[in-house]
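Me: I would like to go through this model with you, one topic at a time. Could you keep the answers plain?

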Amino acid sequence: MKALVVIAHPCADGFSHAAAGRAIEGLRAAGHDVDTIDLYAEGFRAAMSYEERIAYDTEHPILDPQVAAHAELLQAAQILVFVYPTWWSGLPAILKGWLERVMVPGVGFRFDESSGKVRPGLSHVRRIVGISTYGSPRLAVRLVNDNGRRILTRALRMSCGLRARPEWLALYGMDTTTPADRTAFLARIEQRLAGV
């Protein structure tokens, strides 16, 4: 299968990139073809422009060639993997902006002309995997609803259809973890992705 790994962290030498590397190794060990989008390295612009908002309601909602290339990768993937740190109880702005600019009508969803209802645009996706680190412990994250996780495993899943299975890999209390904790988490990522 084709996998797409989307990375949202500005530091190429940081833990999120190490986690993404292990996810990619696991996916390749399972025999999947892997494409990668590193949002910060590519200089992805998070904010939707005025022109893009106007185009959103037209037959051609994508104006930016970079967004078009990302949409093409998204439409080819059966496995979606998102690697990011949880900041302010949610997705980094760059990843939220990526969803807003790439998951447009005709990509993330479509309108059924006969009923007017929204229909999934990514029904070919079989797995959605989220990998995130949290500065807070698990209980504190649960108290604030873990918004990034909800967006990816619920809202995004609605664009993929109910056959898409979500999986979540989290390292809580990142600021107080030991090197052994972090090493074990990286090994867990690789092992779990090798089984996808």
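Me: Which residues is Ser16 in contact with, leaving aside its neighbours within four places in sequence?
Reply: Ser16 is in contact with His9, Val83, Tyr84 and Pro85, where contact means heavy atoms within 4.5 Å. This is a predicted model, in which local features need pLDDT of at least 70 and side-chain atom pairs count only at pLDDT 80 or more, while totals for chains, interfaces and linings use all residues. Residues are numbered from 1 along each chain as its sequence is written, and side-chain values use heavy atoms, with hydrogens and water left out.

Me: Where does Ser16 lie, and is Ser16 buried or exposed?
Reply: Ser16 lies in helix 1, residues 15-29 (helices are DSSP runs of H or I with at least four residues, strands are runs of E with at least two, and both are numbered from the N terminus). Ser16 counts as buried because its relative accessibility is 4%; buried means under 20% relative accessible area, exposed over 50%, and partly exposed in between, with a 1.4 Å probe and protein chains only.

Me: On to the nonpolar core. Which members of the largest one touch the most others?
Reply: They are Leu39, Leu74, Leu80, Phe82, Leu95 and Trp98, out of 34 residues. Such a core is a set of buried Ala, Val, Leu, Ile, Met, Phe, Trp, Tyr and Cys residues joined through side-chain atoms within 4.5 Å.

Me: Which element supplies the largest share of this core?
Reply: Helix 4 does, with 5 residues.

Me: What does Leu74 touch, not counting residues up to four places away in sequence?
Reply: Leu74 touches Leu4, Leu80, Trp98, Val102, Met103, Val107, Leu122 and His124. Another core, of 23 residues, lies apart from the largest one and has Ala3, Ile7, Phe15 and Ala20 among its members.

Me: Now the pockets. Which residues lie nearest the centre of the largest one?
Reply: Met103, Phe109, Ala155, Leu156 and Ser159 do, among 13 lining residues. On a 1 Å grid over the protein atoms alone, a pocket is an open set of points where a 1.4 Å probe fits, with protein on both sides within 12 Å along at least five of seven lines; lining residues have an atom within 4 Å of a point.

Me: Which element gives the largest share of that lining?
Reply: Helix 6 contributes 5 residues, the largest share.

Me: And which residues line the second largest pocket?
Reply: Its lining consists of Arg138, Val141, Arg142, Asn145, Asp146, Arg149, Arg150, Thr153, Arg154 and Tyr172. Helix 6 again supplies the largest share, 4 residues.
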